[in-house]
Protein chains: 4
Amino acid sequence: MKIRDITNKDLDFKDLKNLYSQCGFQASNLSTAIEIIERMKEENATVFLTFTANMVASGLRGIFAELCRKKFVDVIITTGGSIDHDIIRTEKDYQLGSFLMDDTLLHREGTNRLGNILVKNECYEFLEQKLKPFLEKLYTKKKSWSPSEFIDELGKEINDEGSFINWAAKNNIPVFSPGITDSAIGLQLHFFKQRHSDFVLDVTGDMSRLSSIVLDSKVTGGIILGGGISKHHAIGVNILRDGFDYAVYVTTASPWDGSLSGARTQEAVSWGKIREKASQITVDCDATIAFPLIISKFLR
Amino acid sequence: MKIRDITNKDLDFKDLKNLYSQCGFQASNLSTAIEIIERMKEENATVFLTFTANMVASGLRGIFAELCRKKFVDVIITTGGSIDHDIIRTEKDYQLGSFLMDDTLLHREGTNRLGNILVKNECYEFLEQKLKPFLEKLYTKKKSWSPSEFIDELGKEINDEGSFINWAAKNNIPVFSPGITDSAIGLQLHFFKQRHSDFVLDVTGDMSRLSSIVLDSKVTGGIILGGGISKHHAIGVNILRDGFDYAVYVTTASPWDGSLSGARTQEAVSWGKIREKASQITVDCDATIAFPLIISKFLR
Amino acid sequence: MKIRDITNKDLDFKDLKNLYSQCGFQASNLSTAIEIIERMKEENATVFLTFTANMVASGLRGIFAELCRKKFVDVIITTGGSIDHDIIRTEKDYQLGSFLMDDTLLHREGTNRLGNILVKNECYEFLEQKLKPFLEKLYTKKKSWSPSEFIDELGKEINDEGSFINWAAKNNIPVFSPGITDSAIGLQLHFFKQRHSDFVLDVTGDMSRLSSIVLDSKVTGGIILGGGISKHHAIGVNILRDGFDYAVYVTTASPWDGSLSGARTQEAVSWGKIREKASQITVDCDATIAFPLIISKFLR
Amino acid sequence: MKIRDITNKDLDFKDLKNLYSQCGFQASNLSTAIEIIERMKEENATVFLTFTANMVASGLRGIFAELCRKKFVDVIITTGGSIDHDIIRTEKDYQLGSFLMDDTLLHREGTNRLGNILVKNECYEFLEQKLKPFLEKLYTKKKSWSPSEFIDELGKEINDEGSFINWAAKNNIPVFSPGITDSAIGLQLHFFKQRHSDFVLDVTGDMSRLSSIVLDSKVTGGIILGGGISKHHAIGVNILRDGFDYAVYVTTASPWDGSLSGARTQEAVSWGKIREKASQITVDCDATIAFPLIISKFLR
């Protein structure tokens, strides 16, 4: 395919796949990502979506909620911080700041910085108030919960069309979070457990649910935004079926330090986490720019 | 400004500034870039556009040509490789490959790789054939040329609506290239000079032209794509008027090694290369993805 | 402090702090990291060390083990993959490959690639054989374990002076791993639980142990290698005492996407995860190069 | 070669090649870089050293000077800014600051920031005073100079054992700088030319000198620190002999945007800029940390 100069007509953004496909560099990779997701859906793949917590603090939360509302995705894997932000933002606003603010001043005024997004301390107080009665109620039902059961209950509890865990709960999309206690929720669980020592969050409890989904799938596809435990969990569990059939990574990390976060799709092929014949691409871009472009045609 | 979740309606891309503005992270920076360019134009700033050679090998060449055709920019600063690619692509196609091809095999088949763009050896043979008669003709006019004069003549010579140096020549937009001999053109100049030792490319010859533009400008704005000598030359010459009034950087480089390429707009403020009061932003993104988004509203 | 040119005498590496201190850029940051760790130790800080799994696959494992042997660190927080690699490498070798190998060929020959490190499938078979009897034994003691208790038992089980969990167990250094099931161990736990459904890994069980350490510490210091859940868990729990007094980050990630992995030490100040007055530095470098340089004077 | 854990004994840094060789990730690449330079020298290769201007503002300047004093390198290619800093630092000090200083305040106090290195305005005034009489003297000798002739004269003029252009001049090591006018020197040349319009800096004048060195070399090796025009010029001219036999890149840039600065050694193989059979490696690291480690054994 030859490199084609972008024209004015392309710039109406009616066909992003076409606009970017013959541009070269990451533009072409972005176009390939769209194409792979098209095929993923055509093949009725079980779609795994993973993302990091900072993305839920950003405007991408709206897209994640919409993907759950439309049942576009079948499994979500994310961190505890994602659940924190999703709940807080049902009622509290985050503000746009800048990457270069004075963190000492921010600290003194009770504002937490997340890149160029500002989160006031009262947001976490709200979360605490929300979780306390919820945990009491949960505890009356049973004592031991897996993270996905826990998030499912939480999703039912809140009532906000902008929340992805709310839509996931409504539409029976499991949200896995193997490291959930590493979060503000985790801190509340700690305080709760000091009063109720028999309350248990059993992380081994989710493995059967997740592995069943993988083993029951004829075709699987991964949309992996960012790195960390969520990325690894999605590709790791797909070993059980010899790897994803389709995989799209969107990352800002580099592979040269051997990190899982920076690893390209190719590396996962050696592990059987992505199949040899899989359609796969890595897009090197901040997800806040790239993901709206990649996913728009499926939501319009 | 609060963080706002992206909605389906945003995803028609009719208002990119709005779509990205309240998303956070690089999306917000991209939106700010659009806004700064709007203001740059409203203020009738002298607009400096800089880019690296690889971008001219990509589909961005079409945008650069269009910006010259529309006289949207007033000064271009780029590398010799940009001129190479612009001329070659008037008649030869580049192909889309992948970042992971076997470079030994490519070498054996006479194909050069530029990221995921492939350039056949015959492209450079075409350039050689194009330059030989051109240089003879140039030499008959005078013996000593500055890079911008040289590129201007070259731009007039070729006849292709897709070429940015062609449009720049037609519309009297100077194209500066302080390191022009570091290119395939440079190699041809070397061969030419072996036969015509009094042929001279005088790089000091352009400084008066460039500094006059800077000193005569009431307001200046920089659109700086990528780093290197082109970026530095644009911000460096603006010291003469105490810095740019508006500056947008699009980069993939990091500032932590103290490199000019990775330096943020802020660093330029300390040097007087960008004014203290300037509107300025750095967008961390590959230009092939970001620049069509940033510039589209000015070209549609 | 003026910039000082590096001399031949510096290059005996007898005084790395001095060699790098006045060099500028990341060299100076690396020197500052040494100084901060010196002061951390002088103040008898409770030292938290975090790292990612890939580092345990590398030669850094030897340094982690030594830091535990010497009781230089008081708390370790890491991922499940780190435990996988630590155990496997007690008896199996990993091989040096390259970042550019053919992953399809590797997959066919049963070799998994981790950057430029190669791990044969038999390594994971060995891990399985090691874990099966261990889990049975563990289960006879009690049914519910927290991750740190689990790792402690595992550390006692193996007998290898090169293993960091072995030395941690011997020297009562807790190893926390809030996302431990995201690993090969996690997969074995899943198979085990299929036969023993009442086996429980309670992640809330560790929060009391970890928070007590934090609350009982007069001074705390963090040595944070890489990002992800381990980094966040260390700084997150230090909120309970208004933040670390000393913090050294070594990272290859960028802050511009708002990710926790790329966040600099400053951002943590806004959250109260690092104190306003803390001595803190971020070193932008692959840990395999930087950490031996940073830590050598404390181990010689 | 198996991955070997780093031991205390390694940490005396007496054998860096051995310390890092079996560690994996960039440590192993750094060790390979040492080995390639050993072989480069054993084969009596013509050694090309390239670096960016910021490195001359750092402590690496001492190493560059020493490499010229010892005649370890045969050709230097660098930017105009490198010459600026080299001359200024013969008499003026640069100060260590931080990456996060307030650039508006710095600007007001006449301090320019280069990453975490601070350069006072008086430094550039000193450069101006130094260059004015030098240019007058130069002009009396002849009117047209190539950049390498110009730098050679300048190197003879200054008298400082810490200066790399001084040692290069003494030891007849040519210093090429194809984009030299993009610098403070360039600005002075502009002012000078306003008074002496027949003064010429002919960039085509150096191509014969540089290409002769390349064509007369039996074996060539490149030590390429950072990217930009200097990197490209070194590999570009080696096309004339079908590429470097040995190449070491040290970089912080990424290849995913198709940039020359981020391109790995492999990409150059496709172009014939590095030979198919060449020993080559890319080390992903800030040069201020990596280069002292790579080069120390050759200078001690």
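Student: How many residues does the contact take from chain C and from chain A?
Tutor: In this predicted model, the side of chain C that touches chain A draws two or more residues from each of several elements, among them helix H3 (53–57), helix H10 (184–195) and helix H13 (265–271) of chain C. Strands contribute as well, including strand E4 (111–114) and strand E8 (200–201) of chain C. Counted over the whole contact, the numbers are 59 residues from chain C and 59 residues from chain A.

Student: How many nonpolar, polar and charged residues has the side of chain C that touches chain A?
Tutor: The contact takes 59 residues from chain C, and these can be sorted by class. The side of chain C that touches chain A has 19 nonpolar, 31 polar and nine charged residues.

Student: What kind of axis relates the two copies?
Tutor: In general, two copies of a chain are related by a rotation about an axis and a shift along it. Here chain C is superposed on chain A, with an RMSD of 0.0 Å, by a rotation of 180 degrees with 0.0 Å of shift along its axis. The two copies are thus related as by a two-fold rotation axis.

Student: Which residue of chain C comes closest to the rotation axis?
Tutor: The distance is taken at the C-alpha, and for the closest residue of chain C it comes to 2.0 Å. That residue is C:Gly179.

Student: Is H4(B) roughly parallel or roughly antiparallel to H14(B)?
Tutor: Helix H4 (residues 60–69) and helix H14 (residues 287–299) of chain B pack with their axes 10 Å apart, at an angle of about 30 degrees. Because angles under 35 degrees count as roughly parallel, H4(B) is, relative to H14(B), roughly parallel.

Student: Which residues of H4(B) make the contact with H14(B)?
Tutor: On the side of H14(B), the contact is made by residues including B:Phe291, B:Pro292 and B:Ile295. The residues of this contact divide into seven nonpolar, one polar and one charged. From H4(B) come B:Leu60, B:Ile63 and B:Glu66.

Student: Which residue is the bridge partner of B:Arg113 in E5(B)?
Tutor: An open sheet of three strands in chain B has the order E3-E5-E4, with antiparallel pairing, and strand E3 (95–96) and strand E4 (111–114) are its edge strands. Four bridges join E4(B) to strand E5 (residues 117–120) of chain B. In E5(B), the bridge partner of B:Arg113 is B:Leu118.

Note on methods:
Residues are numbered from 1 along each chain as its sequence is written. Chains are lettered from A and ligands numbered from 1 in the order in which they are written. This is a predicted model: local features need pLDDT of at least 70, side-chain atom pairs count only at pLDDT 80 or more; totals for chains, interfaces and linings use all residues. Two residues are in contact if their C-beta atoms, placed from the backbone, lie within 7 Å. Ala, Val, Leu, Ile, Met, Phe, Trp, Tyr, Cys and Pro count as nonpolar, Asp, Glu, Lys and Arg as charged, and the others, Gly among them, as polar. Copies are superposed by least squares on the C-alpha atoms of residues with pLDDT of at least 70 in both. Axes are lines fitted to C-alpha atoms, for helices over the stretch in contact, and angles run from 0 to 180 degrees between N-to-C directions. Angles under 35 degrees count as roughly parallel, over 145 as roughly antiparallel, 65 to 115 as roughly perpendicular and the rest as oblique. Two strands pair if DSSP finds at least two bridges between them.
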